[in-house]
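Please read the following report alongside the sequence and the model.

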Amino acid sequence: MSHPLQAAGIKFLKILAKHSDVIMKAYLSGRVNELDFDAKVLEKLTEHGVLWRPEPGEDLRLRSSIRGLLENNLRDERNRQLDANIGTKLALIKTVTSHYKEALHHQNYAEAEVYIEDLTEHVYGLVDSLKSNVRNLWRRIHNEFGYVASINAKIRENELAQSQLTEMRKQLEMFQFDELATIAGTSRELRRLLVVQLQRSHSEISQELSIAQSKLIDLLGKFRQYLHRYQLLKGFVLHAQQKPDYQVKDYSAKHNVPSLFNHAKAIIKPASIDVNNIEHERLFAEVVSHIKEIRHANVGVKDKRQAQGFEINDIEQIDIESDLIKQNVESYFCQVIDSGQGMSALEYHQQNKLTLDKEVWVYGVINGYQGLSSEEQDFFEIGTEGHVHPQFNGNYIIEDVELGLR
Amino acid sequence: MISLKGQVMETLLSGGFICKTSDELAFSFLQNTENFASVEQQLNLMNRTIANANDGTVLFCAYQGIGDDERKVVNSQFREITASLLPLIEWLVLVQEAKGDNSPLSEGKVVRLNELQSVIEDTPAFSEQLTKISRYSLFNSSSSAVDAQLKLIFKRLLELGYLLKPNPDNQIFVATGKVDYLFEVIRFIDESENLNLAEQAEEAIKQGDLL
């Protein structure tokens with residue numbers, strides 16, 4: 001606020017910056033090795049209240065205020081000290097309130113202004129420290145005390161946190177709002193600070209604390225369970241090592257089988273896809289698409305493709321067996337047209353003493369008729385002769401066809 | 001397609017374990033008393049009932065009444081469990097120690113094969129232990145490479161239902177409720193045979209500390 005104070009503060013911060021290596025070493029190791037640093041530097045730091053010597057024979061240590069500053073800024077996980085010294089802070093607040101009221105009474109407004117600012121800072125400081133304690137607690141809960149290695153240490157840490165939490169709740173009980181309300185009196189400013197602000201934070205914090213507490217108890221149970229499980233595992237392995245011929249008793253032979261070992265036989269075997277079920281179609285397609293296609297015929301085709309000559313020749317005459325049938329069918333059709341009278345296929349077959357199989361011949365005639373264009377078909381009329389199959393209904397066996405002109 | 005109840009029945013009748021991790025839908029289906037009763041009723045027709053382990057977090061199918069035939073089945077399954085007990089326990093210890101984790105593997109916990117592999121490869125004691133475990137007939141590996149041994153063990157554990165692989169492309173595994181069932185079995189054996197396993201372990205750890 002005043003000029004000399006500002007200068008002193010800047011000087012102090014400069015000292016901190018200049019000797020940051022000493023401070024950080026002290027912070028990390030907990031103490032200063034006096035042989036490592038210049039005695040003058042250490043003396044200067046002690047003089048400015050950065051370092052201190054708890055007992056004449058002891059090592060130099062970092063002041064708790066500096067340590068607290070660093071822990072706060074670095075969000076150091078090791079920062080596990082809960083500052084719950086609320087009683088003194090409350091007392092301080094009450095004192096400053098009295099100063100403020102007195103200054104107001106003497107109509108010394110400038111002084112009163114300073115006091116109310118001071119008071120505001122104290123109140124917010126108190127709330128902030130409470131909140132940061134709770135946050136700190138939560139941080140430890142969230143990483144499940146990850147900063148210590150063994151599960152036993154976690155259990156101890158949990159117990160420590162629980163005791164700190166109980167302590168905090170006890171301290172919270174020291175807030176007596178009726179008293180604070182009386183102190184604040186009718187002043188609006190004071191009521192806002194001492195009653196509204198504090199009360200709101202108080203209820204918030206105590207709510208959070210009770211959640212934290214249940215969480216801690218939960219965690220403790222979990223840790224104990226882990227520990228027990230690990231011990232069981234380890235114990236079993238040890239047991240098996242010490243007694244290699246150890247056999248688990250046959251619990252299944254007992255009259256009452258323990259429910260743990262009462263395992264019913266699996267009676268459903270894996271089902272397969274129904275190819276006729278539309279719903280399974282997609283799955284089926286998927287399965288099919290995963291089938292690897294192997295074409296042995298293609299193996300080695302590549303080198304055959306290279307440098308292979310080919311010739312272009314006239315298309316050779318191919319004798320197709322059906323040619324004979326076709327010619328005969330044509331002449332049969334012609335004879336029908338020429339004679340103008342109907343004639344059955346088998347009759348023609350007999351007349352011309354064809355060598356073709358009768359069945360093939362009849363089929364060839366039907367085929368020949370069907371092969372005509374519809375205009376040509378209109379000239380002819382084809383009738384079938386045959387009989388119904390004795391056993392199967394509706395099956396008609398064609399023995400012969402008769403072709404005639406319309 | 002098949003109804004949820006049908007799926008639950010199918011899992012139970014095919015000898016599967018239902019837990020929140022392996023099948024959350026089926027598990028929550030059975031948490032409903034009405035659904036539970038209707039499944040139970042149908043199972044009862046087949047002389048079966050729903051049994052649970054680890055305070056109801058793992059469900060499986062058990063016989064309602066045990067006659068001679070059922071006893072044979074129960075007996076053979078018991079032998080299967082006890083035969084695989086030691087390899088599985090040793091594997092659990094290895095995983096826990098290699099992960100540097102304080103908590104043993106349990107339902108819903110994740111194991112990353114690659115991380116485990118790099119730790120085991122870097123630590124001769126772990127790789128020796130792994131070789132020992134992979135030689136058990138349960139896993140039956142003849143390989144000497146950490147990579148192959150681990151893959152085989154994980155494959156077997158997937159088949160046996162102790163682990164799940166949510167994403168086929170990633171080597172990340174999730175433990176199922178069957179692991180918790182295994183703990184129940186050990187706890188049961190410990191209690192009924194008065195083995196004092198926990199005390200033995202504590203004693204050994206203390207002696208180790210002294211050394």
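B:R156 forms a salt bridge with B:E159, their closest N and O atoms lying 3.0 Å apart, where a salt bridge is a side-chain nitrogen of Lys or Arg within 4 Å of a carboxyl oxygen of Asp or Glu. This is a predicted model, in which local features need pLDDT of at least 70 and side-chain atom pairs count only at pLDDT 80 or more, while totals for chains, interfaces and linings use all residues. Residues are numbered from 1 along each chain as its sequence is written, chains are lettered from A in the order in which they are written, and side-chain values use heavy atoms, without hydrogens and water.

B:K155 and B:E159 both lie in helix α7 (residues 146-160) of chain B, four residues apart, about one turn of the helix. B:K155 is partly exposed at 48% relative accessible area (buried means under 20%, exposed over 50%, partly exposed in between, with a 1.4 Å probe and protein chains only).

## A salt bridge between chains

The side chains of A:D250 and B:R79 meet in a salt bridge (3.2 Å, N to O). A:D250 lies in the loop between α9 (188-242) and α10 (281-290) of chain A and B:R79 in helix α4 (residues 68-99) of chain B, so the pair joins two chains.

## Cysteines

A search of the whole structure finds zero disulfides over all chains, a disulfide being a pair of cysteine sulfur atoms within 2.5 Å. B:C19 is buried at 2% relative accessible area, and B:C61 is buried at 4%.
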